[in-house]
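Good morning, colleagues. Please turn to the sequence and the model that I am about to display, and keep both in view while I speak.

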Amino acid sequence: MRKAYTFRLYPTKKQEEKLCWTLNRCRELYNAALSERRDAYRMAGKSISSYEQKRDLPEIKEIRPEYNDIHSQVLQDVLLRLQRAFDRFFERVKNGEKPGYPRFQGRNRYSSFTYPQSGFSLEEKHLTLSKIGTLKVKVHRTIEGAIKTCTIKHESGQWYVIFSCEVKQPEPLPVSYEDVGIDLGITHFAALSNGDFIDSPRHYRQAEKKLKKLQEALSRKKRGSHRRKRAVQAIAKAHRKVRNQRRDFAHKASHQLVQRYQTIVLEELQTKNLLRRPKPKQDEEAGQYLPNGAAAKGGLNKSITDAGWGMFTEMLRVKAAWAGRVVAFVDPKYTSQVCSGCGTVKPKTLEERWHSCECGCELDRDTNAARNILKKYIGAGSALQILPRGESVEAPAF
Ligand SMILES: [Zn+2]
């Protein structure tokens with residue numbers, strides 16, 4: 001099983017030049033190899049494999065001696081990447097999908113190179129790369145397992161190293177006798193059927209103001225100017241921060257849930273519907289989404305994407321599989337409208353935060369929903385069941 005670790009690199013100015021240079025040579029090789037394969041096919045109907053191209057590497061080094069300054073496996077990996085791009089292309093052709101022929105890589109698209117086996121070593125705060133040197137690295141968490149590959153990545157002005165590690169599948173956790181239903185929401189990130197809440201750090205909101213300011217600043221900068229380039233980088237940085245915080249939170253929350261509960265039940269998210277909106281416009285330079293007139297729904301969208309439900313459920317699923325726990329999904333119909341105590345329908349608007357029923361059931365709206373979600377799954381055939389499974393019910397009049 002593979003696990004990836006990403007750490008920030010702090011190259012010196014000189015090292016950064018070397019990294020950029022290496023990246024550009026790799027990109028050049030990629031484009032040349034692509035061009036060769038394309039021409040061979042166009043002119044002679046012949047396909048060239050990455051194996052054949054690898055055999056040509058020594059010759060390339062004779063004509064272009066500067067390629068001797070790049071670790072040979074890094075160059076081989078470039079050709080392998082192209083091979084994979086072709087494999088995916090042929091796969092799409094086979095499946096009758098839109099094929100998308102492998103593309104030539106521009107300066108901004110080609111952003112990494114890989115040491116697939118050797119040529120690198122890590123010692124505490126230092127990463128030594130063959131033909132490049134020893135770079136400062138911030139290893140902010142412990143690496144498990146053996147490092148298999150080392151990828152150097154350039155992203156919005158910063159450098160990272162990504163280690164892909166081979167880890168042993170962990171032992172499944174002992175069986176827990178506690179199950180839980182979870183309602184993912186906006187007021188709270190998650191409401192649990194036992195009355196607990198998990199609150200999302202609202203990083204995005206805080207960062208949003210800053211981001212908005214940065215975006216306004218960007219619009220005042222002249223296209224192609226140095227200042228504009230800097231503004232674009234600042235925006236990318238703000239986004240990256242939010243993204244990292246969100247991922248950390250999802251990791252922690254999903255870990256805790258999997259540790260404690262045997263069966264975790266969620267609603268099948270119709271995020272696609274919830275998130276439907278006019279196609280966003282993308283700023284080509286910044287790669288960020290621009291306002292597109294969907295402001296009203298955008299607010300809700302922001303909250304939803306902010307909460308990062310999709311990432312969270314995916315992590316939950318993966319962690320549960322590793323731990324021998326179960327993650328189940330139920331139909332979200334009526335989960336917030338039905339009373340989890342007696343089963344009567346209690347219509348509510350989106351603003352009503354409290355569930356109050358004649359049967360004496362007094363609960364937070366989302367807790368009530370979480371209880372219903374759990375019951376929908378474990379309650380099949382029991383008295384707890386709210387709606388018989390598989391039976392379609394007329395929508396209540398409200
Ligand atoms: Zn009731």
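Which strands make up the open sheet of five, and in what order do they come? The order is β10-β9-β8-β11-β14, and the pairing is mixed. Before I continue, please note that this is a predicted model, in which local features need pLDDT of at least 70, side-chain atom pairs count only at pLDDT 80 or more, and totals for chains, interfaces and linings use all residues. Residues are numbered from 1 along each chain as its sequence is written, and side-chain values use heavy atoms, with hydrogens and water left out.

Helices (H or I, at least four residues) and strands (E, at least two) are DSSP runs, numbered from the N terminus. Two strands are said to pair if DSSP finds at least two bridges between them.

In the five-stranded sheet, the edge strands are β10 (197–198) and β14 (326–330), each pairing on one side only. Strand β11, residues 263–267, runs parallel to β14 and is joined to β14 by five bridges. Here leucine 266 stands opposite phenylalanine 329 of β14. Across β8 (179–184), β9 (190–192), β10, β11 and β14 lies helix α10, residues 365–378, at about 130° to β8. Such angles run from 0 to 180 degrees between N-to-C directions, with axes fitted to C-alpha atoms, for helices over the stretch in contact, where contact means heavy atoms within 4.5 Å.

I turn now to the other sheet. This open sheet has seven strands in the order β2-β6-β7-β1-β5-β4-β3, with antiparallel pairing. Because β2 and β3 (120–123) stand at the edges with a single partner strand each, one side of each is left without a neighbour in the sheet. On average, neighbouring strands here are turned by 30° against each other, direction ignored.

Let us walk through part of that order. Strand β2, residues 112–115, is joined to β6 by four antiparallel bridges, and tyrosine 115 has cysteine 150 in β6 as its bridge partner. Next, β1 and β7 pair over eight bridges in the antiparallel sense, with alanine 4 opposite serine 164 in β7. Helix α4, residues 72–94, lies across β2 and β6 and runs at about 120° to β2.

Finally, what lines the second largest pocket? A pocket, on a 1 Å grid over the protein atoms alone, is an open set of points where a 1.4 Å probe fits, with protein on both sides within 12 Å along at least five of seven lines; lining residues have an atom within 4 Å of a point. This one is lined by 48 residues, of which His140, Arg141, Arg247, Asp248 and His251 lie nearest its centre. Elements giving two or more residues to this lining include β1 (2–10), β6 (146–155) and β7 (158–166). The largest share, 15 residues, comes from α6.
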